[in-house]
Amino acid sequence: MNTINTLSRFVISAFLLLLTTQAFATLNPNPATKEYHVNTDFANTPIVTTDSRRSTFSIALNGSVKSTCSLGSPTESNGEYTHTINFCTFTLASTNLVAGDIINLTSASYSSFVDYTLCIDGNCGGSLAINSTATLTANEGTSKTHTLVASDTSATFSILENPSNLFSLSGTNNNTLTFNGSTTDFETTPNTYTVKVKASTGTGDDKNAEQVITLTLNNVDEATTGVNITGGGKTSINKTVTLTANAFDPDTALTYVWTAPAGITLSATDTKTVTFDTTAAMEGEEFTFKVAVNGIEATTTVTVNNAEIIATAVRKESKAATKVLLSRVSKTVMGRLSHLRQKQNQQSSFTNGFVNGIQINFANSNLGTAFNQVLNANGMSSTIPTPNHKINRWDTWTSAKIIIGESNGTGTNKTEFNLKSINVGLDRRIDKTKTIGFALGLGKEDRSATGTDFTGDVDTTQYTLSSYGALELNQHTAIEAVLGIAKGTHKVNSATTSDNQNSNGYFASVAYRGNMQKGKLGLSPYARYDISRIKMKATDALTNSETTTDEALAIGVDINHTSDYEDGNLTRFANLEYKSDIRREGTTYISQNAEQEISLKLGITYQKGDTNTTINYQRTQSTNNKAHSNGIEGTLRWKF
């Protein structure tokens, strides 16, 4: 019986405790937990009690009142009275109260709440913690913001580790975490990114917390991009044309659907690459082809013409450009030899009557005569020669040209061109009658052609390497020669073709020159033989290479006059030349380059010490008035 009574009392006590706990569950301050919960702002925190009386209350810490608040009229629910707070004398921030403080709430109307724990925004003190989620997701190529939440709202956040450098903090207390994912791509590793953040309210382990946040990219289905067709353009009849569809899609396999013009049968309609054959009936026509890759369409056009005829015209223009460039290089080097010869003649005329060496003479003429007879009988001379050290020195020179001209063909067919070149060389006299030298050249000729078969630009770039020399047969005659190799590229810019071409070849010139010098006036007639052999390499339209040889004879005369000027010498010179082709490859397309031409060059040279500078103007005119050009050349020479 006593056991039953004891059990009954225990059940009743537990039931009453449960009722009491439930009764205190929504109270604030809560006698059951001894906690007083507030928001950051006192005024937004209601007081919930079992007392309906309206009064004021104070919040005190360690006997010091931190703030006094006035209550409004309560509302009742299930025996609990909710009081709104009208105002408080101090805000929570100004009281310096923190979560976990043990406070007293006192009131003049009802019992005080002693030794209650202050909870702020749900934080009742203890160790600081970061409560916001540590797992995030974002679509590839997009950014993401995330609000960081700590158990203490006054905590300030910072980043400890940021391997990708894609995370940053901003906002109040740095509580906004931003992931800058505008450049991210799901198909490119990595697909996950991490950042370690820290929350802090002061020093000590209980006031600092860390969290590693992981963000995972979501794959977004990307559209097919970069759809285009290669292999179209211009072609000739009786050719196989290959068209290739290009596209990119990182997520979906590519599918192809080709559409061809009526009358053309493709090798397939659902593959990446298709082909078809052109026929004579297609000549002069333009056809449009379409492909849809994953539904994204692209088109290309194929123009059928006689590409071989156009390519042949371009080849001829390229050869014409190469021939002109080689001719200019040869003339430049020959001009250098002419300059050396002129310079030598002037030096010889200035030294007449002088002895190159040490001459032995005797005051007694009889003794001198006897001495000379003994020397002559033994093949000796009374003059001891001295070495000429200048023979061993190298002359260095550079020459630059700009030429503008045009060549006319039948009717309105014509070619306009401009040429720019630079040559650098060095030479020396290896003895009193021989000179050798070497030169490097770079030439560019831009030709604009207007013709029946081809209209467009052919821009030629040519490199040359040459050697040259002169042999003086006697005081008045010499033989001069040039031998060189060349390599060129010919870039085509035209609405009908883009078939670029390449060439290489060699060139040579041999001249027989006479020299007459009277004081400071020099006259030097010459005859010259020129030959060039040019090989045009095969192209897509012209599958065979082609080699041609051009030969020409030229006669001319150089006239010069030298006078003293300030601290140096000033030489005025002129050149008149007639040149005729003796073998050539037919007529050059569009521009019938002059088979016979006359050129006139006028210029001046100023020399001071071992350095001289030359500038000249040259006009070249064909005898049939079909072609002409005007050019300016500057040359700088020095010794080392």
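Colleague: How many cavities of 30 Å³ or more does a search of the whole structure find?

Modeller: The search finds nine. This is a predicted model: local features need pLDDT of at least 70, side-chain atom pairs count only at pLDDT 80 or more, and totals for chains, interfaces and linings use all residues. Residues are numbered from 1 along each chain as its sequence is written, and side-chain values use heavy atoms, without hydrogens and water.

Colleague: What makes a space a cavity?

Modeller: On a 1 Å grid over the protein atoms alone, a 1.4 Å probe fits at a set of points but cannot get out. Lining residues have an atom within 4 Å of a point. The second largest cavity holds about 180 Å³, a volume filled by probe spheres set on the points. Among its 17 lining residues, Ser327, Asp530, Ile531, Ser532 and Lys579 are the closest to its centre.

Colleague: How do you know that Cys69 and Cys88 form a disulfide?

Modeller: The rule asks for cysteine sulfur atoms within 2.5 Å. Here S to S is 2.0 Å, so the pair is a disulfide.

Colleague: Why is the disulfide of Cys69 and Cys88 called right-handed?

Modeller: The torsion about its S-S bond is about 110°, so it is right-handed.

Definitions and conventions. 1 Å grid on protein atoms, 1.4 Å probe; cavity = no way out; pocket = protein on both sides within 12 Å on 5 of 7 lines; lining within 4 Å.
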